[in-house]
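Please open the structure in your viewer and keep the selection tool at hand.

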Amino acid sequence: MTSQQTTKRKPGRVRRAVIAGAVALTLSAGGATAWALDRFVVQHVEISDVSAYQASQAGTAQSGTAESGTTTASSDGSGTAAVTTDTSYTSDSSNISISTVTTGSGDSTVTYYVADVVLDDATTLQSAFANDSFGENITETTSAIAEANNAIFAINGDYYGFRDTGIVIRNGVVFRDEGARQGLAFYRDGTVKVYDETSTTAEQLLADGVWNTLSFGPSLLDNGEVASGIEDVEVDTNFGNHSIQGEQPRTAVGIIDENHLVFVVVDGRSPGYSAGVTMTGLAEIMQGLGATTAYNIDGGGSSTMYFNGGLVNNPLGENKERGTSDILYIAG
């Protein structure tokens, strides 16, 4: 047979080839679906009883009982009476004051919530995981995690469970040591610093006195000034485009002084109630509140503030919380 000659395929062989190709395509699509489910849906529990694990690692103990009501007296765990109103909480260990701010008008209206927090001891600010478990894709609402930990106040955390990178230290215990981005470290002495996760280790941070870390970002302020390049940051590069640009619901932590923090939750995607803010807009809010250091954490539908048994903000204008993997909280 010369190079110009051709071989005719029988109809059955053609059909089999077509069917084989379709099966291969289906298997390929099925594989992608299975991968996506495993990556983003299926729970991967590494530690099923975090409370017990923390106790075994560092003698961590949690106590306190939150009570509801417009004005109440309760115990904050130190044996001293605490006073709670609709927008404040005062005890020997912490002072919390919550305010609502609305700016703009019409579809440009922005509504955000500010919690000004002064702590007697830095370790009063604690972290908790969904279902008291550590791993990937384990979620509960901020409110559910807060209630399970007797929190008087809570905000959503960094959603560490969406990824398998970052340095995760919570309540003085190391859970993950895979430096990847700018992190935020809360020290036992009341200082809070933005740091480069890739230039240190979790064990070194513990030795330096770190109590909690967050792994999200970016840093919003540099010595009180709006940080450059924050509109172009990608938090994750492991799947798709994880840029966080545009006007969005946001959650941020700001530092005014040692043991003096400010937490901000900006609602968004709700024209007429709150459009959300850009990263620069968030930085400007934190700057206006007097923060010298500020750090962006998980936002969107996760942005949630909880106080005294209920939601403070209105997530996505629907009063509906999205599950998250972790919270920062103060016990009541």
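What follows is a list of selections, with a note on what is found at each.

This is a predicted model, in which local features need pLDDT of at least 70, side-chain atom pairs count only at pLDDT 80 or more, and totals for chains, interfaces and linings use all residues. Residues are numbered from 1 along each chain as its sequence is written, and side-chain values use heavy atoms, with hydrogens and water left out.

Select residues 11–40, helix α1, where Leu37 is found. Helices (H or I, at least four residues) and strands (E, at least two) are DSSP runs, numbered from the N terminus. Leu37 has a relative accessible area of 42%, so it counts as partly exposed (buried is under 20%, exposed over 50%, partly exposed in between; 1.4 Å probe, protein chains only).

**An open sheet**

Next, select the three strands ordered β13-β12-β14, an open sheet with antiparallel pairing. Its edge strands, β13 (192–196) and β14 (210–215), each pair on one side only. Strand β12 (residues 182–187) is joined to β14 by five bridges; pairing requires at least two bridges found by DSSP. Select Leu184 to see Leu214 of β14 opposite.

**A loop residue**

Finally, select Thr124, in the loop between β6 (110–119) and β7 (125–129). Is Thr124 buried or exposed? Thr124 counts as buried because its relative accessibility is 15%. Beyond neighbours within four places in sequence, Thr124 is in contact (heavy atoms within 4.5 Å) with Ser93, Ser94, Leu119, Tyr329 and Ile330.
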